[in-house]
Amino acid sequence: MSRDRTQPAGAPPVRVTTLEDGAIWHVVLDTPKANILDMQKTGLLADMFDRAREAPGLKAIVIEGAGSHFSYGASVQEHLPGAFREMIRAFHDLFLRMLEASVVTLAAVRGQCLGGALELVSACHRVFASPDARLGQPEIVLGVLPPVASVILVERVGRGAAEDLCLSGRSITAEEAHRAGLVDVVADDPSAAALDYARTHLLPRSAASLRLAVRAVRRGFAERLRRDLPEVERLYVEDLMSTSDATEGLRAFVEKRPPAWSDR
C-alpha cells in the first residue's frame, strides 16, 4: 500500500514531534510525494538545528520523509540563473548549523533519496534504509555537481565510491549502499529501526556527554567541511555556472527534454 498522501492545507512542510520528554525529536519532511528540499524546507531545517543546539536534554534527532520517498532532492528551479547563489548559500549553511548543533542525527530512508537529500542523509551519524530505497547524486546528469557530497561522501564511503556516485550520477540500491558504508542498517521499517536505535542506545546516555562525543568524533570531519566547502561552493558558483552546459542541463530537465551539450 502506498504511503503517499496529500498534505493538509496550511500544514508545515517540516514537522517536528518531540518524543521521550523531549529527548528525541522526530523530524518529517512533509510534502509528499517528492518532499523537495527547497529553500523553505532548508530554512526550516536550519532553524530546527538552531533550536536543537539550545535544547540541553535532546539526545537524538530522527529525520525521514513523509510518504513513499525520503526526498527527490533540491529544487531544480532554484538552481537556475537568478536563484542559485542564494539557494547554494542557504543549503550549505544548513550543514554548518547541523554541525554546530552537535546532536546525534539518524536518517530513515524509504524510496528515492537523491541529490541534496542524499547530502543531508550522508551528514547524519547513522542511516537506516528500506530495501526499496534508491540513493544517488544525479547532479552530473543535469550538467552540474553536488558541492556538499563532493566533500562529505569521501568521509563516509571513501574516495572510490564517492567518485562513482558523483561522476556517474547513478542511483544504487539499499543493499549496495550498505556494502559501501553509505547505509548502516537495511530494515523493512527504517523509521521504527531508527527510533528503536535512539531509544536503546542513546536515550540511556547523558545528553551533555553525547554532544561532546559528537564534537570529538567529528572534529576532523567538521574541520574539513568548514575548510573545503567554501572552495567547492566557489567552484560551483563562479566556474560551473558560467558554463553553457550547466544552464542547458538544468533547463532541459525543467523543459523535460534531452540536453544538447556543447561541452563548454
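This is a predicted model: local features need pLDDT of at least 70, side-chain atom pairs count only at pLDDT 80 or more; totals for chains, interfaces and linings use all residues.
Strands of a sheet pair through backbone hydrogen bonds, either parallel or antiparallel. In the present model, six strands form an open sheet with mixed pairing, and their order is S1-S2-S3-S4-S6-S9. The edges of this sheet are formed by strand S1 (14-19) and strand S9 (185-186), each of which pairs on one side only. Within the sheet, strand S2 (residues 24-29) and strand S3 (residues 60-65) run parallel and are joined by six bridges. Across this pair of strands, Val28 stands opposite Glu64 in S3. Helix H7 (residues 190-202) packs on the sheet, where H7 touches S1, S2 and S3 as well as strand S4 (104-109) and strand S6 (126-129). The direction of H7 makes about 155° with that of S4.

Charged side chains were examined next. Over the whole structure, the search finds 22 salt bridges. One of these links Asp50 to Arg53, with 3.7 Å between the closest N and O atoms. Both partners belong to helix H1 (residues 39-53). Asp50 and Arg53 are three residues apart, which corresponds to about one turn of the helix.

The surroundings of Arg224 were also considered. Arg224 is located in helix H9 (residues 219-239). When neighbours within four places in sequence are left aside, Arg224 is in contact with Val151, Val154, Glu155 and Leu229. Arg224 and Arg134, by comparison, are separated by 90 residues in sequence and by 27 Å in space, taken from C-alpha to C-alpha.

Attention then turns to the empty space in the model. Rolling a probe the size of a water molecule over the atoms shows where empty space is left. The largest pocket holds about 400 Å³ of space. Two or more residues of its lining are given by each of helix H2 (84-101), helix H3 (116-122), helix H4 (147-157) and helix H10 (244-254). The largest share, four residues, comes from H2. In total, 27 residues line the largest pocket, and those nearest its centre are Tyr72, Ala74, Val76, Gly115 and Leu142. Sorted by class, the lining of this pocket comprises 18 nonpolar, seven polar and two charged residues.

The search of the whole structure also finds two cavities of 30 Å³ or more. In the largest cavity there is about 40 Å³ of space. The residues lining the largest cavity are Met98, Leu99, Ser102, Val103, Ala123, His125, Val214 and Arg218. By class, five of these lining residues are nonpolar, two are polar and one is charged.

For the second largest cavity, the space again amounts to about 40 Å³. The lining of the second largest cavity consists of Leu37, Met39, Thr42, Ala74, Glu78, Met87 and Phe91. At least two residues of this lining are supplied by H1, and at least two by H2. The classes represented around the second largest cavity are five nonpolar, one polar and one charged residues.

Technical notes:
Residues are numbered from 1 along each chain as its sequence is written. Side-chain values use heavy atoms; hydrogens and water are left out. On a 1 Å grid over the protein atoms alone, a cavity is a set of points where a 1.4 Å probe fits but cannot get out, and a pocket is an open set with protein on both sides within 12 Å along at least five of seven lines; lining residues have an atom within 4 Å of a point. Grid points are joined across faces, edges and corners, and a volume is the space filled by probe spheres set on the points. Ala, Val, Leu, Ile, Met, Phe, Trp, Tyr, Cys and Pro count as nonpolar, Asp, Glu, Lys and Arg as charged, and the others, Gly among them, as polar. Two strands pair if DSSP finds at least two bridges between them. Contact means heavy atoms within 4.5 Å. Axes are lines fitted to C-alpha atoms, for helices over the stretch in contact, and angles run from 0 to 180 degrees between N-to-C directions. A salt bridge is a side-chain nitrogen of Lys or Arg within 4 Å of a carboxyl oxygen of Asp or Glu.
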